[in-house]
Amino acid sequence: MRIVSGMRPTGKLHLGHYFGVLKKWIELQKNNDCLFFVADWHALSTGYEDKLNLKALGRELIKDWLAAGIDPRHSTIFIQSAVKEHAELYVVLNMITPLGWLERNPTYKDQLEQIEHKQINTAGFLTYPVLQTSDIILYNADAVPIGEDQRPHLEIAREIVRRFHHLFECKIFKEPEEMLTNTSRLPGLDGRKMSKSYNNAIYLSDTPEEIWQKLRTAKTDPQRVRRNDPGNPDVCLVFDYHKALTEDAIVQKIDADCRCAAIGCVDCKKICARSIDQLLEPMRERRKKLDDRQIDAIIESGNEAARNEAAKTMEQVNGAVFEISCKSREDSP
Ligand code: TRP
Ligand code: SF4
């Protein structure tokens, strides 16, 4: 299957990103034709006032991907803004997308309410799903791994595809399917969603010392005041981490031992820290070996491969839109 997915370059990745999306990407790349890209134009939709160095942030994001195990021999890695066809198709799709579809988008409405400190009543923010549709259909994706909040965007993408086919009487695109990534997402150290802005994240690039300092002070079962008090792992954040990271047999033992106070929280957290380090250690090793020239080369060849694909699609699109001519992919040489 052709798989396409992107992330906005908003800073270093944490365990929430890993268990939310990245782990799925890494699995998918083995048996599928994957394109993963840095959605830097999308980052502007909420970040245009922030004077971000999106180029540097994009490179950092790709370093996190490579460290985590995205393999450029299997996957195409590229930068959205380096492939101008994303913008070209976005212009065409904007012409045919009814405003109502965008205004009714639940993710849009939620974000308008939640993001108070930013001026996001812009055309770009409203049409975010149109650009996302371009990202996906430029490469004729079969499936798109996304989180729950992105489902309405995929729905809009399918609607835009159908409308394009109907209006230009030319069937060029697949209707992309959503591929829901792990919804049991890992909470942050304070129990809220893991996020940089809450200051509750464990980063893929954290050192073992940093991780221990973060875990050491994390809250556990509030009923467990003294070492001898029995605990309830079901209400303990550390236990959520164990379930995601620690070997099953050990998780079961911790579950039982916590309930009868056979294990203390400090020891339990030490096991947890070790589990996190076991996940991150291979990433640290791979990160050490990454050098700038190599990353440049990966990005350049990814951009090039993406441009080739995108240009073919745009030829068909422009034929249908400007010449009332419909060539299906199979006909083209
Ligand atoms: N909107 C996605 C997010 O915030 C990022 C994204 C942009 C994307 N274009 C995409 C994801 C295309 C999948 C496919 O998570
Ligand atoms: Fe949480 Fe572990 Fe302490 Fe139980 S022993 S309350 S699971 S940290």
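I began with C170, which is buried, with a relative accessible area of 1%, where buried means under 20% relative accessible area, exposed over 50% and partly exposed in between, taken with a 1.4 Å probe and protein chains only. I note that this is a predicted model, in which local features need pLDDT of at least 70, side-chain atom pairs count only at pLDDT 80 or more, and totals for chains, interfaces and linings use all residues. Side-chain values use heavy atoms, with hydrogens and water left out.

**Entry: the disulfide**

I searched the whole structure for disulfides (pairs of cysteine sulfur atoms within 2.5 Å) and found one. It joins C170 to C326, with the sulfur atoms 2.0 Å apart. I looked up the torsion about the S-S bond of C170 and C326, which is about 80 degrees, so the disulfide is right-handed. I then placed the two cysteines: C170 sits in the loop between α9 (151–168) and β5 (177–180), while C326 belongs to the segment after α14 (292–322), so the bond ties together parts 156 residues apart in sequence. Helices here are DSSP runs of H or I with at least four residues, strands are runs of E with at least two, and both are numbered from the N terminus.

**Entry: α14**

The 31 residues of α14 should span 45 Å, and its end C-alpha atoms are 42 Å apart, which agrees. At the start of α14, a side-chain oxygen of D291 comes within 3.0 Å of the backbone nitrogen of R293. Just after the helix, I324 has a positive phi of about 45 degrees.

**Entry: ligand 1**

Which residues are around ligand 1? I listed S5, G6, R8, F37, A39, H42, Y128, Q132, D135, I136, V144 and Q150, a residue being near if one of its heavy atoms lies within 4 Å. For the atom pairs, I found a polar side-chain atom of Y128 at 2.7 Å from a nitrogen atom of ligand 1, and one of Q150 at 2.8 Å from a nitrogen atom of the ligand. An oxygen atom of ligand 1 is 3.2 Å from an N or O atom in the side chain of R8. The protein covers 90% of the 360 Å² of accessible area that ligand 1 has on its own. In the shell, α8 (128–137) and β1 (2–7) each give two or more residues, and α8 gives the most, with four.

Note on methods. Residues numbered from 1 in each chain as written. Chains lettered and ligands numbered in written order. Expected span 1.5 Å × (residues − 1). Polar contact = N/O pair within 3.5 Å; in protein donor to acceptor, adjacent residues only side chain to side chain. Areas by Shrake-Rupley, 256 points an atom, 1.4 Å probe, with all protein chains shown as cover.
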